[in-house]
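Dear colleague,

I am passing on to you the structure we spoke of, together with its sequence. Please look it over first; my notes on what was found follow below.

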Amino acid sequence: MEVRIGQRVSRGMLPLLALHTFSEYHRSEHKPPVTAALIAANTIIYLRPSLFESLIPPIQQVWFNPHLILKNKDLKRFLLSPFYHIGEPHLVYNMLSLLWKGFQLETTMGSVDFASMVASVLLLSQGVTLILSKSLLLFFDYDKPYYNEYAVGFSGVLFAMKVVLNSQSSDYSYVHGVIVPSRYAAWAELILVQLLVPGVSFIGHLGGILAGLLYVKLRNTYSGSNPITVLVRGVTDFLKWPFKFLPRRGRITGRGTVGTNRAWRCQTCTYENNSGLRSVCEMCGTSSGVDGLSSFQRSSRSDGLPLDELRRRRLDRFAR
């Protein structure tokens, strides 16, 4: 089934991407805004709706070509080419990868540091790819990547994000059905993707991996604040500044404010209940009580039982 969206005709993959993204954000406790903004930006640029047509250059003007970038000092090609994609499968595959990596990285790093990391690896991956292409021409007289390759796509940044994500991991990962140590998953994917899809930019993906390694190295050796992080935090604080003067109100009905939304931990099963509006534990069903203790624990405390014994009995009860 074909659906026209903006200037593009979707064959069903874009609605599936939207549905999957909405589902992930709906069921997740953490809703990373920078990841959502990146997915939205890539999708809007691909669709080029008439409302933004004058603001979004056509893809012919932003292909990443080292010769044209250096000859014309073309920053537009250097900065914008990662946000363009040549087709619906290309976009959807990259955005699903961004959704998975972005959720993990932004949740652990925080939105400001994650935005700084994305900006850093984007610039590094583009720069490393440019240097690699020029070096192949100068030292090996291999001019194809320099003159004849025209590349777009977010995959270079995704390879860098994969390196950052797995830099301290001691686990194993599946890469297209192959089990490899997570720290080397990006290298395995580089080779497997090149074998399975020969037309992709090997230099661009390699530049992304090297950019990720360089970012991790710089982050571990430099103890000061990342200048890009300081810039992003400054812009964020500036945008939030007007909202500080707005009055903050609770929900008022009848005689006063209704409830709070503070999380609380069940002392019986230690489950973190995210909604303070619930007085019953979502895991074990015991009441939180007025003093913050569950009704099960309050009655058992009178018997002199320690907390560990209460938890052990609960586990035995649920294991039957």
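In this predicted model, the span of residues 185–216 has its end C-alpha atoms 16 Å apart, and 84% of the span is helix while 0% is strand. For residues 116–140, by comparison, the end C-alpha atoms lie 35 Å apart, with 100% helix and 0% strand. Both spans come from UniProt, where an unreviewed entry lists residues 116–140 and 185–216 under "transmembrane region".

Helix 9 (residues 185–196) packs with helix 8 (residues 155–166) at an angle of about 150 degrees, their axes being 9 Å apart. Since angles over 145 degrees count as roughly antiparallel, helix 8 is therefore roughly antiparallel to helix 9. On the side of helix 8 the contact is made by Phe 159, Lys 162, Val 163 and Asn 166, and on the side of helix 9 by Ala 185, Ala 186, Glu 189 and Leu 190. Sorted by class, this contact of helix 8 with helix 9 holds five nonpolar residues, one polar and two charged.

The other feature to hand over is the largest pocket, which holds about 1000 Å³ of space. Its lining consists of 44 residues, and those nearest the centre of the pocket are Val 152, Ser 155, Val 200, Ser 201 and His 205. At least two lining residues come from each of helix 5 (88–109), helix 6 (111–140), helix 7 (144–148), helix 8, helix 9 and helix 10 (202–221). By class, the lining of the largest pocket has 22 nonpolar, 17 polar and five charged residues.

With best regards

Conventions:
Residues are numbered from 1 along each chain as its sequence is written. This is a predicted model: local features need pLDDT of at least 70, side-chain atom pairs count only at pLDDT 80 or more; totals for chains, interfaces and linings use all residues. Side-chain values use heavy atoms; hydrogens and water are left out. Axes are lines fitted to C-alpha atoms, for helices over the stretch in contact, and angles run from 0 to 180 degrees between N-to-C directions. Helices (H or I, at least four residues) and strands (E, at least two) are DSSP runs, numbered from the N terminus. Angles under 35 degrees count as roughly parallel, over 145 as roughly antiparallel, 65 to 115 as roughly perpendicular and the rest as oblique. Contact means heavy atoms within 4.5 Å. Ala, Val, Leu, Ile, Met, Phe, Trp, Tyr, Cys and Pro count as nonpolar, Asp, Glu, Lys and Arg as charged, and the others, Gly among them, as polar. UniProt positions are given in the numbering used here, feature names are shortened, and annotations may be inferred rather than shown by experiment. On a 1 Å grid over the protein atoms alone, a cavity is a set of points where a 1.4 Å probe fits but cannot get out, and a pocket is an open set with protein on both sides within 12 Å along at least five of seven lines; lining residues have an atom within 4 Å of a point. Grid points are joined across faces, edges and corners, and a volume is the space filled by probe spheres set on the points.
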